[in-house]
Amino acid sequence: MREREPNFQGPSPLLYLLATPIGNLEEISPRTKNIIEQAEYIACEDTRNSGLLLSRLGFDKKLISCHEHNEEQVSEQIVRLLNEGKKVAYMSDAGYPAISDPGSRLVANCLANGIKVATVSGPNAALNALASSGLDSTHFYFHGFLSAKPSERDTELEQIKNRKETVIFYESPHRIKKTLTALYESLGERKAVIARELTKAHEEYIRGNLKEFLDLDETTLKGEMVIIVEGDKSQPVVSEEAILEQLKSLLDEGLRSKEAIKKTAELLSVNKNQVYSLYLANFKNSLNRRR
């Protein structure tokens, strides 16, 4: 374990990760503006997009291009600047860096070199969509973008399909129809929500199920999208052996047959009649004694 040092105290350099608007420019926070103002360099996914955002906010900063294809190399430059005492912040095109966006390799490289990392809160498409989806948000699993390769995508979905949590995907307009088809074929007819153009003028939530989504007009599905899908609600298959084992355990504890049958059904989430039938077939000699 490394020696502890609070992020905003001590001599170690600090990289700021800045969450940027996913649509509405007013989502930018005063704290984000303050960090930008203090920064000497802004590393960013796309200098054109970030340059336009900074210009609209009234900032003129030195920009460092740090994207998917050069992140490993450029992160070394950023580490060097931070170790020289320069103030550097990193932003992706929209939302949080490193969340289905470049930034994770930069973070890892900074941490490996003793540089601390702090995230400045801001907009996040996945959480916006989940909160307004109406689907269960008690537990959720964020997957982000599925692979563009059908075989890899199908493998991912096979690993996801039995998750009980609500599942969150990202998708772009040119792949949306193929992804919706793959989701239906793998996950079945589940409740789902498509959230698109979040916080923009044409923000829309499309609510229904995965089968209904197959009939959507692809030309109306514009902008980056979040797909929220309910988790697997099917009941697990409980073997007769497991039911009998649970039933025997309760009978051995001294419960009457009626109580043991009822409690076994509740504990294993199975039909009470099924438990009763197994009881008659396997414990009939003790029926009168325990009734």
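Trainee: Is Asp154 buried, partly exposed or exposed?

Mentor: Please keep in mind that this is a predicted model. Asp154 is partly exposed, because its relative accessible area is 41%, and the band for that class lies between the limits of 20% and 50%.

Trainee: With which residue does the side chain of Asp154 form a salt bridge?

Mentor: The general idea is that side chains of opposite charge can pair when their charged atoms come close. In this case the side chain of Asp154 meets that of Arg153 in a salt bridge, at 3.4 Å from N to O. Arg153 is buried, because its relative accessible area of 15% falls under the 20% limit.

Trainee: How many salt bridges are there by this rule?

Mentor: The count comes to twelve. Among them is the pair Glu204 and Arg196, whose closest N and O atoms are 2.7 Å apart. Here Glu204 is partly exposed, with a relative accessible area of 31%, while Arg196 counts as buried at 11%. Another of the twelve joins the side chains of Lys200 and Glu197, at 3.5 Å from N to O. Lys200 counts as partly exposed at 42% relative accessibility, and Glu197 is buried at 15%.

Trainee: Let us turn to the strands. Which residues of strand E2 lie on one side, and which on the other?

Mentor: In a regular strand the side chains alternate between the two faces of the sheet. Strand E2 covers residues 41-44, with Tyr41 and Ala43 on one side and Ile42 and Cys44 on the other. All four of these residues are buried, and both faces of E2 are therefore covered.

Trainee: How many bridges join E2 to strand E3, and how do the two strands run?

Mentor: Four bridges join E2 to E3, residues 62-65, and the two run parallel. Within this pairing, Ile42 stands opposite Leu63 of E3. E2 is also joined by four bridges to strand E4, residues 88-91, again in parallel. There, Val88 of E4 is the bridge partner of Tyr41.

Trainee: What unit do E2, helix H2 and E3 make?

Mentor: They make a right-handed β-α-β unit, in which H2 spans residues 47-57.

Trainee: Which element gives the most to the lining of the largest pocket?

Mentor: Helix H2 does, with five residues. The largest pocket holds about 850 Å³ of space. Its lining has 31 residues, and the closest to the pocket centre are Pro21, Ile22, Asp93, Ala94 and Gly95. H2 and strand E10, residues 225-229, each supply at least two residues of that lining.

Trainee: How many nonpolar, polar and charged residues does the lining have?

Mentor: By class, the lining of the largest pocket has 15 nonpolar, nine polar and seven charged residues.

Trainee: To finish with a helix, where does Val107 lie?

Mentor: Val107 lies in helix H4, residues 104-112. Val107 counts as buried, because its relative accessibility is 17% and the limit for that class is 20%.

Trainee: What separation is found between the C-alpha atoms of Val107 and Val117?

Mentor: These C-alpha atoms are separated by 7.0 Å, and the two residues are ten apart along the chain.

Key
Residues numbered from 1 in each chain as written. Predicted model: local features only at pLDDT ≥ 70, side-chain atom pairs only at ≥ 80, totals over all residues. Heavy atoms only, no water. Buried < 20%, exposed > 50% of the residue type's maximum accessible area, 1.4 Å probe, protein only. Pairing = 2+ DSSP bridges. Right-handed = clockwise from strand over helix to strand, strands pointing away. Salt bridge = Lys/Arg side-chain N within 4 Å of Asp/Glu carboxyl O. 1 Å grid on protein atoms, 1.4 Å probe; cavity = no way out; pocket = protein on both sides within 12 Å on 5 of 7 lines; lining within 4 Å. Points joined across faces, edges and corners; volume = space filled by probe spheres on them. Nonpolar A, V, L, I, M, F, W, Y, C, P; charged D, E, K, R; others polar.
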